[in-house]
Amino acid sequence: MKIIAQPVSSIDFSEYGKYYNMSNQPHNVVLSEGDGWKDSMTDAPLIHSEGHLGLTVGSPLPNKTYKMERHLHTEEALFCMADPIVLAIANSGNRQHPRAEDIKAIIIHPGEAVVLKEGIWHDACHGIDGVVPYYWFAQVLDTPTEWIEIEDGPVEIRVTAD
C-alpha cells in the first residue's frame, strides 16, 4: 500500500492530537512582537507531563514502514529543525497492532508542531529530500518502546504518486 503525505495543515488533526502553527494560528498560540523581534508560544504546556527533549535523525523518503510504536503513558510532541519532516500516524483505537488502512502521512514544516495523543501509532519521521534531524518531546520511562508490525503492512510513504 502506498500513502502520499499531505501537509498537516490540510487535515483535521484533532483525531490524533494537537496541531500548532507557531507563525500565524492565534487560536492556540500566543503571538507577541517588539522592536526587531517576533515571538510565539503555545497557550498551554506542550504535553500533560514532564518530558524529555530528544533529537532523532530520520531516513529519507520514499520509505517502507513495517512497524510503528505508540505511547500509552505520554503525549509526544514532534517538530522539525530547518527542513520539513514526514510522519506516519494511525489511530487504530485499542487494537494491539496498527492497521495499514488507518495510516496517514503528514508533512510538518518549520514553524509547525504536532502533539500526539496517548495511544496514537507513529513511525519515526523521514526527510523529503534526504536524512533529516528533528526534535521530539515526551515523558520517557525506563521500559523500552515496543515497535509492532503493521497489520496488512508494510506501507510505502511518499510525497508524490510517482
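The model is predicted. Its largest pocket has a volume of about 550 Å³. Its largest nonpolar core holds 18 residues. Two peptide bonds deserve a look as well: L61 to P62 is cis, and so is G153 to P154.

**The largest pocket**

- The volume of the largest pocket is about 550 Å³.
- The lining of this pocket is made of 27 residues. E69, R70, H71, T145 and E146 are the closest to the pocket centre.
- Three strands each supply at least two residues of the lining: β9 (76–80), β13 (121–122) and β15 (132–138).
- β15 gives the most, with three residues.
- By type, the lining has 13 nonpolar residues, nine polar ones and five charged ones.

**The cavity**

- How many cavities of 30 Å³ or more does a search of the whole structure find? The search finds one.
- The largest cavity has a volume of about 30 Å³.
- Its lining is formed by R70, H71, T74, E75, E76, L116, K117, I120 and H122.
- Four of the lining residues are charged, three are polar and two are nonpolar.
- R70 and H71 line this cavity. R70 and H71 are also among the residues closest to the centre of the largest pocket.

**The nonpolar cores**

- In soluble globular proteins, nonpolar side chains tend to be buried together.
- The largest nonpolar core here has 18 residues. Which of them touch the most other members? They are F13, L87, I89, I106 and V114.
- Five strands each supply at least two residues of this core: β9, β10 (85–90), β11 (103–108), β12 (112–116) and β15.
- β10 provides the largest share, three residues.
- Leaving out residues up to four places away in sequence, V114 touches V8, F13, K18, Y19, E76, A77, L78, L87, I106 and I108.
- Three of those neighbours, F13, L87 and I106, are listed with V114 among the core residues that touch the most other members.

- Strand β4 covers residues 29–34, and strand β5 covers residues 37–42.
- The two strands run antiparallel, joined by six bridges.
- V30 faces M41 of β5 across the pair.
- Two residues separate the strands of this hairpin. In the turn, G36 has a positive phi of about 90°.

**Strand β17 and its partners**

- β17 pairs with β1 (residues 2–4) through three bridges, and these strands run parallel.
- In that pair, I4 stands opposite R158 of β17.
- β17 also pairs with β7, this time in the antiparallel sense over three bridges.
- There, N63 has I157 of β17 as its bridge partner.
- Which residues of β17 point one way, and which point the other way? V155 and I157 point one way, and E156 and R158 point the other way.
- All four of these residues are buried.

- The peptide bond between L61 and P62 is cis, with omega about -5°.
- P62 sits in the loop between β6 (52–58) and β7 (63–65).
- A cis bond also links G153 to P154, with omega near 5°.
- P154 is placed in the loop between β16 (148–149) and β17 (155–158).
- D152 is in the loop between β16 and β17 too. D152 is not a glycine, yet its phi is positive, about 65°.
- Is D152 buried or exposed? D152 is exposed, because its relative accessible area is 63% and the cut-off for exposed is over 50%.

**Proline 133**

- P133 belongs to strand β15.
- P133 counts as partly exposed, because its relative accessibility is 30%, which falls between the 20% and 50% limits.
- Beyond neighbours within four places in sequence, P133 contacts L55, T56, V57 and M81.
- P133 and I85 are 48 residues apart along the chain. Their C-alpha atoms are separated by 8.5 Å.

Note on methods. Residues are numbered from 1 along each chain as its sequence is written. This is a predicted model: local features need pLDDT of at least 70, side-chain atom pairs count only at pLDDT 80 or more; totals for chains, interfaces and linings use all residues. Side-chain values use heavy atoms; hydrogens and water are left out. On a 1 Å grid over the protein atoms alone, a cavity is a set of points where a 1.4 Å probe fits but cannot get out, and a pocket is an open set with protein on both sides within 12 Å along at least five of seven lines; lining residues have an atom within 4 Å of a point. Grid points are joined across faces, edges and corners, and a volume is the space filled by probe spheres set on the points. Helices (H or I, at least four residues) and strands (E, at least two) are DSSP runs, numbered from the N terminus. Ala, Val, Leu, Ile, Met, Phe, Trp, Tyr, Cys and Pro count as nonpolar, Asp, Glu, Lys and Arg as charged, and the others, Gly among them, as polar. Two strands pair if DSSP finds at least two bridges between them. A nonpolar core is a set of buried Ala, Val, Leu, Ile, Met, Phe, Trp, Tyr and Cys residues joined through side-chain atoms within 4.5 Å. Buried means under 20% relative accessible area, exposed over 50%, partly exposed in between (1.4 Å probe, protein chains only). Contact means heavy atoms within 4.5 Å.
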